[in-house]
Amino acid sequence: MPVRVLLVDDEPLVRAGLRAVLEAQPDIEVAGEAADGAAVIPLVRQLRPDVVAMDVRMPLLDGIEATRALLRTVAEPPKILVVTTFENDEYVYEALRAGADGFLLKRARPAEIVHAVRLIAAGESLLFPASVRRLAAEYGESGGNRAARAELERARLTEREGEVLRLMARGLSNAEIAARLVVGTETVKSHVSAVLAKLGARDRTQAVIRAYESGFVAPG
């Protein structure tokens with residue numbers, strides 16, 4: 001089955017460009033479009049996309065609030081890929097903290113756009129880990145905040161789970177983590193699932209953000 005994508009951006013040219021790039025791929029299908037975040041929830045319920053590619057800044061409801069509303073309202077929400085003009089933007093970091101799975105620059109090359117959609121849909125690696133680390137270093141609290149530290153302590157990660165979380169933060173895929181730890185891929189998947197469950201994170205991006213927020217992993 002192809003990856004179904006919902007495009008949400010107030011600029012028609014941006015939507016048209018993304019549609020042209022994505023629909024040229026045999027394994028990706030553009031399910032629909034919207035011009036504002038306010039239309040996301042009803043369209044997600046109607047179209048059931050796998051990925052929402054959403055502008056971070058829109059006039060009525062921006063990508064941050066639309067992400068929060070979608071995750072709060074829809075029982076099985078799609079992956080959320082924030083589309084932005086500027087990489088080093090506090091809005092991007094806030095969108096990731098709100099629950100977005102990754103971000104994509106509007107100036108990205110077609111191959112990068114396709115790769116981002118596929119990677120977000122698969123959910124087995126972190127999109128642009130170095131950029132996420134830079135955002136956490138600039139906009140996260142130095143040394144982690146108290147609530148995030150307490151949350152991670154309550155999670156009681158095992159030594160191996162902590163090791164897996166650190167490798168996730170570096171952007172390694174399950175296969176790469178397995179090779180690094182000299183274990184099977186299925187074992188790594190089990191560790192990743194345990195980390196997500198203990199942290200109450202819906203995916204590895206959110207787990208990594210919490211690792212940075214708590215100071216468990218240094219973003220610098």
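Which side chain meets Asp55 in a salt bridge? Select Asp55 and Lys106: their side chains meet in a salt bridge, at 3.5 Å from N to O. The term stands for a side-chain nitrogen of Lys or Arg within 4 Å of a carboxyl oxygen of Asp or Glu.

Before moving on, a word on the ground rules. This is a predicted model, in which local features need pLDDT of at least 70 and side-chain atom pairs count only at pLDDT 80 or more, while totals for chains, interfaces and linings use all residues. Residues are numbered from 1 along each chain as its sequence is written, and side-chain values use heavy atoms, with hydrogens and water left out.

**Stop 1: salt bridges**

Stay with the opening pair. Asp55 sits in strand β3 (residues 51-55) and Lys106 in the loop between β5 (102-105) and α5 (110-122), so the pair links distant parts of the chain, 51 residues apart. Helices (H or I, at least four residues) and strands (E, at least two) are DSSP runs, numbered from the N terminus. Asp55 is buried at 4% relative accessibility, whereas Lys106 is partly exposed at 25%. Here buried means under 20% relative accessible area, exposed means over 50%, and partly exposed lies in between, for a 1.4 Å probe and protein chains only.

Next, select Glu213 and Arg97, whose side chains form a salt bridge of 3.4 Å, N to O. Glu213 belongs to helix α11 (residues 204-214) and Arg97 to helix α4 (residues 90-98), so this pair ties together parts 116 residues apart in sequence. Glu213 is buried, with a relative accessible area of 9%, and Arg97 is partly exposed at 41%.

Now pick Lys198 and Glu161, which meet in a salt bridge at 2.8 Å, N to O. With Lys198 in helix α10 (residues 185-199) and Glu161 in helix α8 (residues 159-169), the pair ties together parts that are 37 residues apart in sequence. Lys198 counts as partly exposed at 34%, while Glu161 is buried at 7%. To finish this stop, show Asp9, Glu11, Asp55 and Lys106 together: salt bridges that share partners join them into one network. The whole structure holds 19 salt bridges.

**Stop 2: helix α7**

Select residues 146-155, which make up helix α7. Its buried residues are Ala148, Leu152 and Ala155. Look down the axis of α7: these buried residues fall within an arc of 50 degrees, so they line one face of the helix. The arc is that of the directions from the helix axis to the C-beta atoms. Turn to the face away from the buried side and you will find the exposed residues Arg146, Ala147, Glu153 and Arg154.

What covers the buried residues of α7? The cover includes α10 and α11, judged by contact, meaning heavy atoms within 4.5 Å. Then step on to Arg156, which follows α7 and has a positive phi, near 50 degrees.

**Stop 3: the largest pocket**

Select Arg97, Glu151, Gln206, Ile209 and Arg210, which lie nearest the centre of the largest pocket among its 18 lining residues. The volume of this pocket is about 280 Å³. On a 1 Å grid over the protein atoms alone, a pocket is an open set of points with protein on both sides within 12 Å along at least five of seven lines, a cavity is a set of points where a 1.4 Å probe fits but cannot get out, and lining residues have an atom within 4 Å of a point. Grid points are joined across faces, edges and corners, and a volume is the space filled by probe spheres set on the points.

Colour α3 (63-73), α4, α7 and α11: each supplies at least two residues of the pocket lining. The most comes from α11, with 5 residues.

**Stop 4**

Zoom in on Ser125, in the loop between α5 and α6 (129-139). Is Ser125 buried or exposed? Ser125 is buried, with a relative accessible area of 14%. A polar atom of the Ser125 side chain lies 3.0 Å from the backbone oxygen of Gly171. Leaving aside residues up to four places away in sequence, Ser125 touches Leu119, Gly171, Leu172, Ser173 and Arg204.

Ser125 also lines the largest cavity, along with residues including Lys79, Asp101, Leu119 and Arg204. That cavity holds about 70 Å³ of space, and α5 and α11 each supply at least two residues of its lining.

Note on methods
A polar contact is a pair of N or O atoms within 3.5 Å; within protein, one must be able to donate a hydrogen and the other to accept it, and residues adjacent in sequence count only if both atoms are side-chain atoms.
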